[in-house]
Amino acid sequence: MTIKKTALSLALGSVGLPSMLLLASNAYAVSFPVNLDNDEQTAETFEIYGKVRLSVDYADSDLGGAEENKSIGLTDGSVGLSSNTTIIGFRGSYAVKEQPYTVVWQVEQNFNPDTATDDTWSNRDTYLGVKTPLGLFRVGLMDTPFKRAGITNTIFVTTVGDPFAILGKSSQNGSRLDLRGSNSLYWNGEVGDVKLAVQYALDQNKVAYDQPGGDVNEGNQGFIDDNDGDMFSASAGYDLGPVTLTAAYANYSEIYGGEVEAWRAAAKYTAGAAKMGVIFENIDTDSDVAGGSLSRSAYGLFAQYRLLPKTTVGAQWMHADESDQAGGDDEADQFSLGLYQQIFPRLKVYTLATTTRNGDNGKYRTADYAHGDKVATVAGGDPFAVSVGAEFVF
């Protein structure tokens, strides 16, 4: 058994999988020598990888006199331990002898090391595919290109300051668009210098994760696998030296009670130790979808600077406009500030503070999406959280 650094570029780059770099960012993996067909002329790989993320958080929902209910994220000020999307995965490849094809596969799981409940494990990106001269084709359960465009153009994902507390979210409940496509067909490729991704999911019917049958973590318990609501998503990315441009689109024929159409545009700029980014999204829905609370525009920006070789500071602002919900006044702003310290290549620690400022009818959370322990609020509440966390990569 060996441990290989920059696992994707070493283990998969040699068999021609540059687009796989878009799918995961694990700096390390445990790589095992394999030769399943006893043929030395075929290149085979097998890896185990993962990230353990834990944080201690202080959170307050700003209840405004409402009753505390920690089971749904309403807290009057408490300290807790949270798993921030801790994952383990297995992946491999098989290069067909004397043919320009490489079979790839991946099985990835989210697990919660801070709990012993029955919902500890849940599926993440899991697929079977083949790399061809025309691009990478895969089938399975995978993040949508729309979701990936949000993840790669923001910071603080999987922390209490996760921007997906605003992006792709309803102002009233757990309805959200940053999902995985189940029963999906996915293609990654390049046309000139433009990186493209296209996904079609045969089933994308979903209930909100704070409703009966919905997600209790970042997994997919809320999927109803009846092939009754399909989804289409696509994205395009273009590098202009220090500037990266991204555009993404998604259409759900039936989700949360109706049709949803959304798009995102983003830009990132990197100059030495500094990185900045801006993102915009617009969501249009049928009037029956989440009571109109998902139909709105949102935007935000971030700035990040490496103060020292191992010390990075970042700030992020996210804003949601007033939605089509009856009564309006449900806009919100999320402000987050964080400091990261790389202890050694596999381990980093951080401290982060975040707050969400809601309009009189808004109920956007602060810690949300992939953080683990959600911090909900009441209408017009301004929840906040302070977190000290660590991430270990293997």
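Contact here means heavy atoms within 4.5 Å. Keep that in mind for what follows.

This is a predicted model, where local features need pLDDT of at least 70, side-chain atom pairs count only at pLDDT 80 or more, and totals for chains, interfaces and linings use all residues. Residues are numbered from 1 along each chain as its sequence is written, and side-chain values use heavy atoms, with hydrogens and water left out.

I start with Leu-294. Setting aside residues up to four places away in sequence, Leu-294 touches Gly-168, Lys-169, Ser-170, Ser-175, Leu-177, Tyr-256, Ile-283, Thr-285 and Val-289.

Next, the cores. A nonpolar core is a set of buried Ala, Val, Leu, Ile, Met, Phe, Trp, Tyr and Cys residues joined through side-chain atoms within 4.5 Å. Buried means under 20% relative accessible area, exposed over 50%, and partly exposed in between, with a 1.4 Å probe and protein chains only. The largest nonpolar core has 17 residues, and Leu-177, Tyr-252, Tyr-256, Val-260 and Leu-294 have the most contacts inside it. Helix H2 (145–151), strand S13 (243–255) and strand S14 (258–271) each supply at least two of its residues. Helices (H or I, at least four residues) and strands (E, at least two) are DSSP runs, numbered from the N terminus.

Now Ala-290, which sits in the loop between strand S15 (274–285) and strand S16 (296–308). Is Ala-290 buried or exposed? Ala-290 counts as buried because its relative accessibility is 18%. Beyond neighbours within four places in sequence, Ala-290 contacts Ser-170, Asn-173, Ser-175 and Tyr-256.

Last, Leu-185 lies in strand S10 (residues 180–191). Leu-185 counts as partly exposed because its relative accessibility is 44%.
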